[in-house]
Amino acid sequence: MEDGFIIGESQIIKDILNTAKQVAPTDATVLIQGDSGTGKELLAKFIQANSNRKDKKFISINCAAIPSPLLENELFGHKKGSYTDAKEDYIGKFGFANGGTVFLDEIGEMDLALQAKILRVVQFKEYEQIGNPQPLRTDVRLISATNKNLLELVKLKKFREDLYYRLNVIPLFLPPLKERGTDIEIIANYFLETYSTKYKKQIKGFSKEAINFFYVYEWKGNVRELENVIERAVVITKDQYITKKDILTEENKLQKQTRNLEIKSLKDAINDFKRNYLIESLNQCDWNQTQTARKLQIERTYLAKLIKDLKIEKI
Ligand SMILES: Nc1ncnc2c1ncn2[C@@H]1O[C@H](COP(=O)(O)OP(=O)(O)OP(=O)(O)O)[C@@H](O)[C@H]1O
Ligand SMILES: [Mg+2]
């Protein structure tokens, strides 16, 4: 995939991309929040690609994947001989990215001592390499991402409040795939094209049933899960159209079954169905009630009443 290429036509994604384009050319720090697989890294790359630093380095670091002492070493580098294994000078990501952009993924996992060092980079553009008391200077634009609620971590004293406000100058929230209406079909078609080309298969599209499945399935792993499901379907399908059985994996079958287990009163079950169906329909119409009511073939006032009675809220 091309860097900075984000698919979606829902209002919610358009708004995010507009804000992202607007802030990209500034050096403002950006905090991207969203569940796993919603496209946080892709959005960070989009911002970099639209910034004045687009020809400079984009360095991405996953703070959750590296234990703390190693992370400090990765970020800030070391002087030769500063510890047993330090056989050479190492400039570190912040030195390496000088002039460019650093993407700190899963920033919520960073420990407090390192957070203090990041704060120093943001405030004073300086840091210390391990084993070198002389502060070094670096000019980087910081973009961070998290799937945690950072404010909650601040309250629990696991995240520095001052750093939180420094990182969160521009907050961007990526919604779950389920809340992006028909984007799900647009993205699915995009992956279908990509993977049909990759695997040299002639596939014309999805069956109606397959498309319906896209709308009822949970997509807990969001766009990443959709991408995996479609890649797999393209590989295994023998038809010209991807059908529901091509996209049903053991995993998503299981999700459906466990959801069906609990037996409740028919009235509650019908209300649950109504609620979910209305939320999905509203999502598909970007919460435009007039359009939704027309598609459902009910009066707009009746839809408004249902929304109220069933306590439906746009999340
Ligand atoms: N709107 C989109 N259009 C096209 N591809 C997308 C979109 N959003 C995400 N993707 C693709 O989905 C995959 C997951 O995206 P990405 O790695 O940016 O998500 P993430 O939020 O960083 O996930 P994680 O929390 O798992 O790190 C990538 O292959 C990315 O290219
Ligand atoms: Mg990521």
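**Questions about a predicted model**

Visitor: Why does Lys267 count as exposed?
Guide: Its relative accessibility is 62%. Exposed means over 50%, so Lys267 at 62% counts as exposed. The model is predicted, and the value is computed from its atoms.

Visitor: Where does Lys267 lie?
Guide: Lys267 lies in helix 13, which spans residues 266–284.

Visitor: What separates the C-alpha atoms of Lys267 and Leu303?
Guide: The distance between these two C-alpha atoms is 19 Å. Along the chain, Lys267 and Leu303 are 36 residues apart.

Visitor: What makes Ser10 count as buried?
Guide: Ser10 has a relative accessibility of 4%. Buried means under 20%, so Ser10 at 4% counts as buried. Ser10 is found in the segment before helix 1 (11–23).

Visitor: How do you know that the side chains of Ser10 and Asp183 make a polar contact?
Guide: The contact between these side chains is 2.7 Å.

Visitor: Why is strand 6 called largely enclosed?
Guide: Strand 6 covers residues 141–146, and six of its six residues are buried, so the rest of the structure largely encloses it. On one side are Arg141, Ile143 and Ala145, on the other Leu142, Ser144 and Thr146, and all are buried. Both faces of strand 6 are therefore covered.

Visitor: How do you know that strand 1 and strand 6 pair?
Guide: Two strands pair if there are at least two bridges between them. Strand 1 (residues 30–34) has four bridges to strand 6, so the two count as paired, in the parallel sense. Ile32 stands opposite Ala145 in strand 6.

Visitor: What joins strand 3 to strand 6?
Guide: Four bridges do, and the two strands run parallel. Strand 3 covers residues 101–105. Thr101 stands opposite Arg141 in strand 6, and Phe103 stands opposite Ile143 in strand 6.

Visitor: Why is strand 3 described as largely enclosed?
Guide: Five of the five residues of strand 3 are buried, so the rest of the structure largely encloses it. Thr101, Phe103 and Asp105 point one way, Val102 and Leu104 the other way, and all are buried.

Visitor: How many bridges join strand 2 to strand 3?
Guide: Five bridges join strand 2 (residues 58–62) to strand 3, and these strands run parallel. At least two bridges are needed for a pair, so strand 2 and strand 3 count as paired. In strand 3, Leu104 is the bridge partner of Ile61.

Visitor: Which residues come nearest to ligand 1?
Guide: Ile7, Gly37, Lys40, Arg224 and Glu227 come nearest, of the 16 residues around ligand 1. The shell divides into six nonpolar, four polar and six charged residues.

Visitor: Which helices each supply at least two residues of the shell around ligand 1?
Guide: Helix 2 (40–49) and helix 10 (222–236) each do. By domain, the shell draws at least three residues from each of domain 1 (11–175) and domain 2 (178–260).

Visitor: What lies 3.0 Å from an oxygen atom of ligand 1?
Guide: A backbone N or O atom of Gly37 lies at that distance. A polar backbone atom of Leu42 is also 3.0 Å from an oxygen atom of the ligand, and a backbone N or O atom of Glu41 lies 3.2 Å from one. The limit for a polar contact is 3.5 Å, so these distances from Gly37, Leu42 and Glu41 are within it. Taken alone, ligand 1 exposes 630 Å², and the protein buries 87% of that.

Visitor: Which domains is the chain divided into?
Guide: The chain is divided into domain 1 (11–175), domain 2 (178–260) and domain 3 (266–309). Taken over C-alpha atoms, the centres of domain 2 and domain 3 are 25 Å apart.

Visitor: Which value does phi of Trp287 take?
Guide: Phi of Trp287 is near 65 degrees, a positive value in a residue other than glycine. Trp287 lies in the loop between helix 13 and helix 14. Just after helix 14, Gln297 takes a positive phi of about 55 degrees.

How values were computed. Residues are numbered from 1 along each chain as its sequence is written. Chains are lettered from A and ligands numbered from 1 in the order in which they are written. This is a predicted model: local features need pLDDT of at least 70, side-chain atom pairs count only at pLDDT 80 or more; totals for chains, interfaces and linings use all residues. Side-chain values use heavy atoms; hydrogens and water are left out. A residue is near a molecule or strand if one of its heavy atoms lies within 4 Å of it. A polar contact is a pair of N or O atoms within 3.5 Å; within protein, one must be able to donate a hydrogen and the other to accept it, and residues adjacent in sequence count only if both atoms are side-chain atoms. Accessible areas come from the Shrake-Rupley method with a 1.4 Å probe; for residues, only the protein chains shown count as cover. Ala, Val, Leu, Ile, Met, Phe, Trp, Tyr, Cys and Pro count as nonpolar, Asp, Glu, Lys and Arg as charged, and the others, Gly among them, as polar. Domain bounds come from an automatic or database domain assignment. Buried means under 20% relative accessible area, exposed over 50%, partly exposed in between (1.4 Å probe, protein chains only).
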